[in-house]
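Visitor: I'm new to this one. Could you walk me through how to read it?
Guide: Happy to. Let's take a look together.

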Amino acid sequence: MKITGVETYLMQVGARPSAASEAKGIYADFRGSRNWLFVRILTDEGIYGVGECSGWPRVIETAVKDYANLLIGEDPADIDRLWSKLFIGSMGHGVLGTVGGGALTGIEMALWDIKGKALGQPVWNLLGGKFRDRIPVYGHAKTPAQAKALLGAGYRAMKVSFTGAVDVSKVAAVRETVGPEIDVMVDAHGPSWATPQDAIQVGRALEPFDLLFYEDPIAPENIDAFQRVRDNVNIPLAAGERLSTIWGLRPLIERELVDVVQPDTGRAGGITQMRKIAAMAEAHYISMAPHSGSLGPVAEFAALHVMATIPNALMLERMEFDWPGRNTVISAPPVLVDGCLALPTTPGLGVDIIPEEIARHPSVRNVSILPEDDGWAYETGTPNEAVYFQTRLQRRLKLKG
Ligand SMILES: [Mg+2]
């Protein structure tokens, strides 16, 4: 079998804006920042594989096209060798970035899909077989109503996320709503302005709520400060979503700065990189809960295959309710049963994209726009003030609602 072509499918995620908003470049959802990039790798035997690249999809599309020249004519079965060929071919661009990581990921994922289809086996069965038939997932809730909706949908775990100051009263309200038997996590999103002192203060205020983990209390790149938070907060810590490859995740794992490592299945480097990261974590008694925050539906399938095959799988993040069109661009959504996603059993990854649907959502831009007319202005007192003003008042926790 030989690779004959590499196709990319880039799309804007979210509702289309009004004509007036579009003229100003403002998208209704995700502040205009969300793109998904899918790839298909074609072969001379008619089998093709599908993959997904996250990180900075609009830029990664160019990287994938660059890599295509190194793939044409190659045997798609040699997954690890081809990964290394591409990795070394772009080494001068930097080895830890999400652009290279994302491009390698989508391509490698598609090669696994080809191999599975060619052998008539689901990918997990080519990775050493499965530990489990269902993968536990968690959703996102910031209010009692959202928490109840997730419980009603069968979720047994949920995360309270903040982009500004952590509001402890919101965490308390979610915990109060779900009771002691449901796992609750907090994500502080590791903003560059978060100091270790603030993160420690927040963490100590969160200790009474029996959290499964406290995610990105500070910027994950701030390694030495991470140790200070760890030494002073009695909650399991989690991080790693912005990092790619075994070398990017290595400091967090090797120094045991986290209890839960969170590589992103669309940008960490591919299915094999995810499994290598899991093995590094396993050696340090660290579990894995892959990040899915900006991922589309194909990478979610890849995450299920990875999570089925590793002993230290904790839970998979789920973005089921991020955009109503999510399931329209794939052949069939994964099946949620009792707070878990069922493991696919068909050959390959078990999912395909629908190019006609993707084409209905052309990419416009891939960075956040903060419209000045809907509350996202920079001025003091607006909801997003903390992103631009780093006063002590804004970056510390909100102890009272
Ligand atoms: Mg996060």
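Guide: Start with β1 and strand β2 (residues 35-43): they run antiparallel, joined by nine bridges. In that pairing, Thr8 stands opposite Val39 in β2. Keep in mind that this is a predicted model, where local features need pLDDT of at least 70, side-chain atom pairs count only at pLDDT 80 or more, and totals for chains, interfaces and linings use all residues. Residues are numbered from 1 along each chain as its sequence is written.

Visitor: What counts as a strand, and when do two of them pair?
Guide: Strands (E, at least two residues) and helices (H or I, at least four) are DSSP runs, numbered from the N terminus. Two strands pair if DSSP finds at least two bridges between them. Here, an open sheet of three strands has the order β1-β2-β3, with antiparallel pairing.

Visitor: Which strands stand at the edges?
Guide: β1 (3-12) and β3 (48-53) do; each has a single partner strand, so one side of each lacks a neighbour in the sheet. From one strand to the next, the twist averages 20°.

Visitor: Which strands does helix α2 lie across?
Guide: Helix α2 (residues 57-71) lies across β1, β2 and β3, running at about 175° to β1. Helix α4 (residues 98-119) packs on the sheet too, touching β2 and β3, and its direction makes about 150° with that of β3. Such angles run from 0 to 180 degrees between N-to-C directions, with axes fitted to C-alpha atoms, for helices over the stretch in contact. Contact means C-beta atoms, placed from the backbone, within 7 Å.

Visitor: Is strand β5 enclosed or open?
Guide: A residue is buried if 20 or more other C-beta atoms lie within 10 Å of its own, exposed if 12 or fewer, and partly exposed in between. Four of the five residues of β5 (residues 157-161) are buried, so the strand is largely enclosed by the rest of the structure.

Visitor: How many bridges link β5 to β6?
Guide: Five, in the parallel sense, with β6 covering residues 183-187. Ala157 stands opposite Asp183 in β6. Strand β4 (residues 134-140) also pairs with β5 in the parallel sense, over two bridges, and the bridge partner of His140 in β5 is Lys159.

Visitor: What does Ile135 touch?
Guide: Leaving out residues up to four places away in sequence, its contacts include Leu304, Met307 and Ala308.

Key: Contact = placed C-beta atoms within 7 Å.
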